[in-house]
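Subject: Structure handover and notes

Hello,

Please find the structure below, with my notes after it. Could you read them alongside the coordinates?

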Amino acid sequence: MQNPTPAIPDPEIQAVIDKDLHLEGPLLPILHGLQTTFGHIPDTAIALVAAALNITKAEVHGVMSFYHDFRQVPAGRHVLRICRAEACQAMGGKALADETLASLGLDWHGTTANGAVTIEPVYCLGLCACAPAAMVDDKVIGRVDKARMDTILQEAGA
Amino acid sequence: MKIYVPLDSAAKALGADAVAAAIKAEAAKRGLEVTLIRNGSHGMIWLEPLVEIDTGTGRQGFGPVTVADVPALLDGKMASLGPVEEIPFFARQTRLTFARCGIIDPLDLADYEAHGGLAGLRRALAMSGPDIIKEVTDSGLRGRGGAGFPTGIKWNTVMEAEAVQKYIVCNADEGDSGTFADRMIMEGDPFTLIEGMAIAGIGVGATKGYVYLRSEYPDAINVMNQAVKLARQNRLLGADILGSGKAFDMEIRVGAGAYVCGEETSLLNSMEGKRGEVRFKPPLPALEGFMGRPTVVNNVISLATVPVIFEKGAAHYADFGLGRSKGTMPIQIAGNVKYGGLFETAFGMPLGELVNDVAGGTASGHPVRAVQVGGPLGAYMPPAKFDTPFAYEEFDGQEALIGHAGIVVFDDSVDMLQMARFAMEFCSVESCGKCTPCRIGSVRGVETIDRIARGDADAIPLLADLCDTMTDGSLCALGGFTPYPVMSALTHFPEDFATVKEAAE
């Protein structure tokens, strides 16, 4: 990434970690907490999480990198998820995704140059009877066609 | 006047929030006294947002409603669908698990109770553990996540296990394309899942429960979290459930975008804070599950069906169905389909009747070419197999599976070689990496299908051989069942795998 992320002070990271330490199996909730708070999992958090849970940094990294949701660098201001699964494909989802990526000049996981939107693939949003489906941040959208996609991108500032 | 606008994500995805806001604004402008209730969805997604108005003479449905329709709707000038329960798609269903979904306010416990809620839990609280297990066993309930394992047997194993702590884990990692029943019940009737988990806990002696809910369902996470909080406040959860002296509490855990975590052992690893890798079995999760302790892992629909079994009795539930597939199944009809949605019915309805009759064929108006049943690991069925009754053994006999009962319909524009390729690609993206047939086999599968696409017919037997290896050698259903869509596409639609070569010859 061309814009280096400003360093997040350790105590802020520690506070997020401490909030979930009492849970049974706290690692995923902690990683979610970090990502919700900071928009990504800061590199400096790995050692702090490892120390808090008495596991190795490699283990923390291994878990973080296993899951599609966790990112080590911040996403764009909005994340647009486009469903790639079969039900959406049956309604032209693949063509829609291909067109959208081509129009933005991006590949999956790419972010627009102005930093407004990151495009992520998703395998099923449970909106299979109103396909193709997409989600902007936490907002679901069904029966997405080219016109609706243009509106979505425009509203997101792409 | 009461107005119902669904809060279900599918309704929201089609504009329900904007319609609800417009109704509020328009009613305020006119000085109308309106109680706006955000209910679950009735499951007729082509009619969403499906608004209901009750002026004291029963609920009348309208849909799909747009923001522009709202003035006419309040003027009484919009054409009505009549009472929702009389719409043919709804009228021919048998709703047991989804009896309340769409009818009640999902977060109104009094409304829940007025519609039969908590009757099952009250009955279970007066029963012994073995009697609770017997009731579930007698109902014939089988795991609705896809494997179809008898729920009563699983519960019995956990009940008989000795441990300081046992757990109920609800698998709400509904990642299969074409399925949304878990999402709908969690958004539309969350207390039924909570009640089912509490009954399970009391039955097997587990005092702690978790719902592992996928992160792709933010609305369901939100509703479930609120419902758990309300349940705790009303002593439906906690140290003294409904004054019985029995304890059960639960919390919601959020997944992180890994499809394989829908497999029960990788789900448990994920909950423990590990990579979501599949575990070897044995030991069974029933004996060594979450934190190495005895754990019931059940799908959302299995657990959400438990309350109605206890409310109406095991025999009532078992009276529905076909052969060893007892009770009802919420079938989800999706993809290229005219009337898509959730259709709960007794096991046994032929696949073709569901696709052509209930769902009205394709949305595009083109002929149906293939339907995939049971998610990305389910077989593609050609119309020639449409007489197969929708039930566990009957689909198994056709080298197919019902899985979580999602049906995805494709019209004649589908390229089955590409769908087979997608199945392998999906497996390679989502493989946990633990076993070789899945991790490497799926990558080789994509390459082999690409060879076939280039006209190399020699690659066809190679693909069949690879699929055999994946079926026999994979640890879990991801690698083990990916051959279902691949081989069914190859077997039933061979013309899509031969075009290039034939054209060249």
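This is a predicted model: local features need pLDDT of at least 70, side-chain atom pairs count only at pLDDT 80 or more; totals for chains, interfaces and linings use all residues.

**Around F410(B)**

Residues are numbered from 1 along each chain as its sequence is written, chains are lettered from A and ligands numbered from 1 in the order in which they are written, and side-chain values use heavy atoms, with hydrogens and water left out.

F410(B) has a relative accessible area of 2% and is therefore buried. Buried means under 20% relative accessible area, exposed means over 50%, and partly exposed is in between, with a 1.4 Å probe and protein chains only. Leaving aside residues up to four places away in sequence, F410(B) touches E86(A) and A90(A) of chain A, and in chain B N336(B), P367(B), V368(B), R369(B), A370(B), Q372(B), Y380(B) and M419(B). A contact means heavy atoms within 4.5 Å. N336(B) is 74 residues from F410(B) in sequence, yet their C-alpha atoms are 5.5 Å apart.

**Chain A overall**

Chain A has seven helices and four strands, in the order α-α-α-α-β-α-α-β-β-β-α along the sequence. The C-alpha trace of chain A spans about 50 × 35 × 25 Å along its principal axes. Chain A has 158 residues, 53% of which count as buried. Among contacts in chain A with a separation of 6 or more, 63% are between residues 24 or more positions apart.

Chain A carries 11 positive and 18 negative side chains, and the centres of the two sets are 7 Å apart. Lys and Arg count as positive and Asp and Glu as negative, without His and the chain ends; each charge is placed at NZ of Lys, CZ of Arg, CG of Asp or CD of Glu.

**Aromatic rings**

There are 17 aromatic pairs over all chains. Rings of Phe, Tyr and Trp (its six-membered ring) pair if their centres lie within 6.5 Å, and planes under 30 degrees apart count as stacked, over 60 as edge-to-face and the rest as tilted.

W46(B) and Y339(B) form a tilted pair, because their ring centres are 4.8 Å apart and their planes are at 50°. W46(B) is in the loop between β2 (35–37) and β3 (51–54) of chain B and Y339(B) in the loop between β11 (328–335) and β12 (341–346), so the pair ties together parts 293 residues apart in sequence. W46(B) is buried at 19% relative accessibility, whereas Y339(B) is partly exposed at 29%.

The pair Y167(B) and F290(B) is edge-to-face, because the ring centres are 4.9 Å apart and the planes are at 75°. Y167(B) lies in strand β5 (residues 167–172) of chain B and F290(B) in the loop between α12 (264–271) and β8 (295–299), so this pair ties together parts 123 residues apart in sequence. Y167(B) is buried, at 0% relative accessibility, and F290(B) is buried with a relative accessible area of 0%.

One aromatic cluster is formed by Y123(A), Y259(B), F422(B) and F426(B).

**Backbone points**

One runs from A131(A) to P132(A), with omega near -5°, and P132(A) is in the loop between β2 (117–122) and β3 (134–136) of chain A. Another joins E48(B) and P49(B), with omega about -5°; P49(B) is in the loop between β2 and β3 of chain B.

C124(A), which is not glycine, has a positive phi near 85°. C124(A) is also in the loop between β2 and β3 of chain A, and is buried at 1% relative accessibility.

Regards

Methods
Helices (H or I, at least four residues) and strands (E, at least two) are DSSP runs, numbered from the N terminus.
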